[in-house]
Amino acid sequence: MMLQFGHHRPPRNVMDKLAGVQPLPRGETGIRSRLFTRVTFYWYSHCTRMGAPATRSRVVSRPVALACIGMMIGLTTAWCISTVARIPPIMCDPVAAARSRPDQGFILVGIMTAAKYVDTRAYNVWKTWAQHINGKVLFFVAEDTVSIYPELPLIRLKGVDDTYPPQKKSFAMIRWMADNHIDNFDWFVRADDDLYIRGPEMDAFLRSLDPSRPHLVGQAGLGNSAEYGLLALGNTDNYCMGGPGVVMSKQTLRLLSPHLESCLSHLLTTHEDVELGRCIKRHVGVSCTWNYEMQKLFHNNQSTATAYTGSLHELTAAITIHPIKDPKIMNRVHAHQRAHQLRQLRSKRMLLEAELMDARSPSLIRVQPNKTSDLEPWQFINNQKIIFCADRVTCPRHTVELSIRTEASEIINQLFDEFNTNARQRGRVLQFQSLQYGYMRVEPRYGVDYVLDMILWFKKFRPPHRTTLSVRRHAYVQQTFGPLQATEDETIRSNLRTFSNMTHEESTHPQLYMILPLRGRAEIFQRFAAHLRNVCQRESGVSLVLVLYDNEEVDINRKTAAELAEAVDVKIIDMGEAKFSRGLALSKGTEHLPPTALLFFTDVDMLFTCDTLQRIKQNVILGAQAYFPIVFSEFSPESWSENDKLLADAFHYGRRRGYFRHFGYGLAALYKADFDRAGGFNTKIEGWGLEDVDFFERCLKLPNLRIMRAPEPGLVHIYHPIVCDPALPETQKNMCTGSKAASLASIDALVDQITQYV
């Protein structure tokens, strides 16, 4: 390093003598000797050029050199220590790193919202994607806006109201971000409360750009067909559409902020995003990004009525997603985003595990069978429409279930996303065309295996080899199950109690209210009452709400209820001579019960066990889960086998005795608060059936309420003849006759009848 400062290097032994250093033996070298030699030679040359005698350098050069080296080492060490002390600790999660510096970060997102949306849309944004931004998210509202959520970070803009269009609010928000955080963040986003931002994707995208240069990023717009040419834009001008979000670099905001007030006082249109783009073009000199790809990255779905209610594959390439005005759809998109991140992490983990020295290479044989029953058969899928199988009741062929079709589509989309990861660099792209056929099997302990035979388009888009070919390829896919996750029931219920007024005792030992509508049928009610009295001797915490219609047997029913009240808490609600409606009767039975009451809608023809009541209490969770048991329904006793007729009680499940009625939803258990959230029963439905199906569909659409549906051996529906009123509406009449036919006899009994005539 120092040789460049000298003139002519003297012989090594001369140099060593001048430096007072003994020469090393031949072949023995070291860093220390070379370092001292070079430094000493520099000082020797310097002193000689200055006219200092060579003998003096023997006295001065070595101490001075050592002192200089010591000073250099000391200063360098001190500088390194002070620099390292100023570096923040490295975190794997940039979001966690941003939270450790609440007033600094990479991205600052400003969201405009109004008083009527601050506790709905805005709060839902705060609880979903805002928690995964590498930076900070603030909500800008009018001066007098209040929220019921104190944790929501609101910025109240002075002199601003909720007037629409919000030009003043938009410009005031951007000015506030510039005045308070221009040096704390690299990127600034203007957003609305119906926008979803995929934080990791936004972070990765902006890392490729330089925030110290002016940038305006978003989906470029020129106005819709009715506004085109009327927005006073120049021939080469555009603006970033406000809906999908507007991203500005630090330098853009720095140059823009002094001119915001002037631009606000010279508006040419009522569109705040147009005026913001015009102001940036005039005073910063940049326009919104002209790039077709921005339509995918900053996604704007124009079909707002059905936006994001179907497949969400279109969101795979998106960074921002707009518009999402329904909190339920926002939660759905957020769940999809988190699942996508989880799949990426699992895939990365598998790739890293595959690089280990002892990792096993992928194989279609995940389990070595020891006997015939260990071998899992493959199912054959024909063009994603028909599935051929050999081990199910529905075999040999049936239509592919929706779950399999959806999963196959997701797998194909994921495959091609991985194929096209570096498509731009490779100059080619693969596009899925059709599925010829496929195989699928489930290995219960490991995952799902697929063999897919696909037709795809192979496109080269780089000249001079541009071409499009249709090719056929085989893909072997293994979908591995994740690790088992288990949570104690008490933990779930404890977490849910934080959102309700229930005490611990009410949650762990709830009072079960059986709601029973009744008109006539005195003898059947006596059987029901006797059975309930016997069960409740062993199971406490059960009440009966009897919704009673008048008829000639009403006095007998009242007497039976009075006798039952000696063992069970019974409350009677009189309906008088009103026309019988099961939905109306069940609704009346719940009116005077508290929101924390556990409801069980039942029927007078039902028999049940003590274990059934325990399972109902365990399977129903306030605000989280409702239970629709599948009951065992008896066939007509005339069709029973001789052995079935000899059995004393009803809790036997032979094929000729009855069947689990999977199409019935009349028996249901849920809390009163969830019943009210679902909107209750349709009280306009009269006559036989339909009210249960309507209510079940309401519960299915209820957010955050899981439906548990399973066969319940402890619930038996005793056979009785079904009479279908000819005056019933067509839909109810068809349901009634179908249920009547299904309940007459088993297929085995029908075969016995047919063989008599063969």
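Visitor: Before we start, what does buried mean here?
Guide: Buried means under 20% relative accessible area. The model is a predicted one, and Cys263, with a relative accessible area of 6%, is therefore buried.

Visitor: What is Cys263 bonded to?
Guide: A disulfide joins Cys263 to Cys279, with 2.0 Å from S to S. The torsion about that S-S bond is about 80°, so this disulfide is right-handed.

Visitor: Where do Cys263 and Cys279 sit?
Guide: Cys263 is in helix 9 (residues 260-264) and Cys279 is in helix 10. They are 16 residues apart, and the pair links distant parts of the chain.

Visitor: And Cys279, buried or exposed?
Guide: Buried, because its relative accessibility is 1%.

Visitor: How many disulfides does the structure hold?
Guide: Two. Besides the one between Cys263 and Cys279, there is a disulfide from Cys240 to Cys288, again with S to S at 2.0 Å. Its S-S torsion is about 100°, so it is right-handed.

Visitor: Which parts does the Cys240 and Cys288 pair tie together?
Guide: Cys240 lies in strand 8 (residues 239-240), and Cys288 lies in the loop between helix 10 (272-283) and helix 11 (294-297), so the pair ties together parts that are 48 residues apart in sequence. Both Cys240 and Cys288 are buried.

Visitor: Let's step back. How many helices and strands are there in the protein?
Guide: The secondary structure comes to 25 helices and 28 strands. The protein has 758 residues, and 42% of them count as buried.

Visitor: What sits between strand 16 and strand 17?
Guide: A loop that includes Pro464. The peptide bond from Pro463 to Pro464 is cis, with omega near 5°. Another cis peptide bond joins Tyr164 and Pro165, where omega is about 5°. Pro165 is in the loop between strand 3 (154-156) and helix 6 (167-181).

Visitor: Now the inside. Which residues touch the most other members of the largest nonpolar core?
Guide: Ile107, Val109, Trp129, Phe139 and Tyr308, out of 42 residues in that core. Elements that give two or more residues to this core include strand 1 (107-112), helix 5 (118-127) and helix 12 (327-354). Helix 5 gives the most, with five residues.

Visitor: What does Phe139 touch?
Guide: Leaving out residues up to four places away in sequence, its contacts include Ile111, Ala122, Trp126, Leu152 and Ile155.

Visitor: What other core lies apart from the largest one?
Guide: A core of 34 residues, among them Ala561, Val570, Phe600 and Leu715.

Visitor: Back to strand 1. Where is Leu108, and what does it touch?
Guide: Leu108 is in strand 1, and Leu108 is buried because its relative accessible area is 0%. Not counting residues up to four places away in sequence, Leu108 touches several residues, among them Lys136, Met177, His181 and Phe185. Leu108 and Phe185 are 77 residues apart along the chain, and their C-alpha atoms are separated by 6.3 Å.

Visitor: One last residue. What is the phi of Arg521?
Guide: Arg521 has a positive phi of about 55° although it is not a glycine. Arg521 lies in the loop between strand 18 (512-519) and helix 17 (522-536), and with a relative accessible area of 31%, Arg521 is partly exposed.

Key. Residues are numbered from 1 along each chain as its sequence is written. This is a predicted model: local features need pLDDT of at least 70, side-chain atom pairs count only at pLDDT 80 or more; totals for chains, interfaces and linings use all residues. Side-chain values use heavy atoms; hydrogens and water are left out. A disulfide is a pair of cysteine sulfur atoms within 2.5 Å. Helices (H or I, at least four residues) and strands (E, at least two) are DSSP runs, numbered from the N terminus. Buried means under 20% relative accessible area, exposed over 50%, partly exposed in between (1.4 Å probe, protein chains only). A nonpolar core is a set of buried Ala, Val, Leu, Ile, Met, Phe, Trp, Tyr and Cys residues joined through side-chain atoms within 4.5 Å. Contact means heavy atoms within 4.5 Å.
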